[in-house]
Amino acid sequence: MTDLEDEARLLARYLVGRDPGGEVVERYTRGHARLLARPADSADEALVGFVRRHPATLGLLEAACGVLRPHGLLRRKLTVMAAVLEATPDFADEFLPRESGRMGFAATIALHSVRAALKLVLGLALYPVARRP
Amino acid sequence: MSATDVIVVGSGPGAVHAAAALVGAGRSVVMLDYGDVDRGYASCVPRKDFLELRRTDPGQHRYLLGDDFEGVRLGNVRMGVQLTPPRAHVFADPTIDPVVSRNFQGAASLARGGFGAAWSAVVYPFSDDELRPMGLDLDTLRPHFDAVAERIGVSGGGDDLDRFLVPSPSMMPPLALDSNAERIYRSYLRKRERLTGAGFFLGPARLAVASREHRGRGPEPYFDLAYWSDPNRAVWRPQWTLEELERERGFRYLGRRHVQRFEEDGRRVRVHARNVESAENETHEAGALVLAAGTLGTARIVLRSLGRYGVRVPVLCNPYTYAPMLTWTGIGREVRDRRHSLAQLAVIARARDGSGRLVQAQIISYRSLLTFKLVQQSRLAHRESLAILRTLMPYLVILGIHHEDRPTPRKAAWLERDGTGGSDRLHIEYEADEAELRQQRADVRFLLRIFPRLGCLPFLVLHPGDGANIHYAGSFPMGPGGGELGCDGDGRLRATGKVYLADGSVFPQLPAKGLTFTLMAHANRVGTLLARRQVLS
């Protein structure tokens, strides 16, 4: 298995909590070759390398990147994987609108906002270390 | 060479209506067009509702993302953000007719149907005040609005917007609103007196969409697929009128022709084009020429033909602002899946500065343009962002605000000759002044203050950048006065004897609304007037 295939599985599991299957992995590697072929900033590459070595930090670091490097390499990779998953019927429901009652709506927004904020705080602390080439 | 009355260049919204008026009056027309077409994506889209298709079609990645992932555009919101792989061909390969600019998103279309092949279909006839700078009035243009409305099929009308948007006799009933729009509109109707008193008017958008069967098209099936395919051909595209024209004896379509320049002698116009299939140069001759290659394409052809390299001509494009809003009154209520994808409601408001200007906007519900595009723009972590956006999306609407545009010395285009035998480069400089930006911000603030009263909570303001909404215009303005690089009252380019312009080039300024419908009416008028001339061929 190549590094890119490993990366595809890591990103898919992070986004939808499931293994993506060979078809999605193959499509991600094609998308990656088409959209992310140009060499990236060395600090961005270092950060992706750090995430590969420490997969548990993916959520924290991409939260930090959302503020500091919103269109940097790590988030671009996540966008490509999100696009591939969204265009696959098995995962489509994970991306389609979800209706909720007022309480459910408020709880979902509050829960995920708090989680995003916590991830951001921890991610910002980790970010300088992870980007060290 | 057979005797041709008129050559029409291009196949977009202006071209097909100029041609239709000419052919309808018995004139012979040759249309020269590059004619790029969809790579076959649209025909892969099953005839199903969007949600059903998403859950069931294993081939959806082809048309949702594209074979070369052209549907995944990484980075900030910019020009063409709403273009999907089945519509991506409307943007020409930028190496064919290069546009150079530091800050203006200038693109050409060489598609069959031009940019009209991906038009948002919102119909905004210009008002008397808005036509005046062209030396026209509503009475002059009304028969042409009506002719175009009949040809394309327009739905809507019978509401508060009628006083601003002249209705046409052939108009069809409005399309059904989706749940969000229905709530906003109901809320408006309850508060109508106070809101209209404040100069704010709302109604279902006038759309070039057949709400019932019309000229063999429609009705709208409410599959929410307008960005992806053309079910029932309910949404008008220039290609549908072009197909009608191709059935007429007096009309000939010559595709894969890249028009380079024209020249005139006393009686005839010669058009030099390159056949991109055979790589041969061709010359076509007629009694008159209608240029409708899109504002930037027409600028290139005119400046090259007249040898005016380096000469600056005006360029305009409506600035645009997006404001996503949450329709909080809908939370917890039923959301209907059956919907169309285009603008649901249109807003017209009187600007607060007492100038009499109109501020205009439209409201769409965000669903069929895919969630990953929104997640990408969010600054939150993807996973949380996805969860939040999925929860918001049933109640998410986007307010798209048009701003007016007027010429200034810092909004200009000029052509640079390529000395190496390559394509000439069209340079564009575009810089709005502080007063314009201040006015735009004031208009946005005004609208965003009204919407909370209609149950909508705006939570972001996005500027896709100058040139992003592709309403290019103003290079050879029509109207009284003006130099030889302007057009007379018939749309004739003054520097020429028999060359007429039938696209956005002729608008001396842009009101805060889409120009496409008025552009089509102008083109119909150009064709009608030209057909009446006695000697053409």
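Select B:Phe69 in the loop between α3 (60-65) and β3 (99-101) of chain B. Helices (H or I, at least four residues) and strands (E, at least two) are DSSP runs, numbered from the N terminus. The phi of B:Phe69 is near 60°, a positive value in a residue other than glycine. Most residues other than glycine have a negative phi, and most peptide bonds are trans. B:Phe69 is buried, with a relative accessible area of 3%. Buried means under 20% relative accessible area, exposed over 50%, partly exposed in between (1.4 Å probe, protein chains only).

This is a predicted model: local features need pLDDT of at least 70, side-chain atom pairs count only at pLDDT 80 or more, and totals for chains, interfaces and linings use all residues. Residues are numbered from 1 along each chain as its sequence is written, chains are lettered from A and ligands numbered from 1 in the order in which they are written, and side-chain values use heavy atoms, with hydrogens and water left out.

Next, pick B:Ala121, in the loop between β3 and α4 (128-131) of chain B. Its phi is positive too, about 70°, although B:Ala121 is not a glycine. B:Ala121 is buried, at 0% relative accessible area.

Go on to B:Gly218 and B:Pro219. A cis peptide bond joins them, with omega about 0°. B:Pro219 sits in the loop between β4 (200-204) and α8 (238-246) of chain B.

The largest nonpolar core has 214 residues. Such a core is a set of buried Ala, Val, Leu, Ile, Met, Phe, Trp, Tyr and Cys residues joined through side-chain atoms within 4.5 Å. Among the residues with the most contacts inside it are B:Phe200, B:Leu399 and B:Phe476. Helix α5 (residues 73-86) of chain A gives the most to this core, with nine residues. A second, separate core of five residues includes B:Tyr34 and B:Ile96.

Zoom in on B:Leu399. Leaving out residues up to four places away in sequence, B:Leu399 touches (heavy atoms within 4.5 Å) residues including B:Tyr322, B:Val347, B:Ile363 and B:Phe451.

Select residues 516-532 of chain B, helix α13. Of its 17 residues, 15 are buried. At 1.5 Å a residue, helix α13 should span 24 Å, and its end C-alpha atoms are 25 Å apart, which agrees. The expected span is 1.5 Å times one less than the number of residues.

Finish on chain A with A:Leu68, in helix α4 (residues 58-68). A:Leu68 is partly exposed, at 44% relative accessible area.
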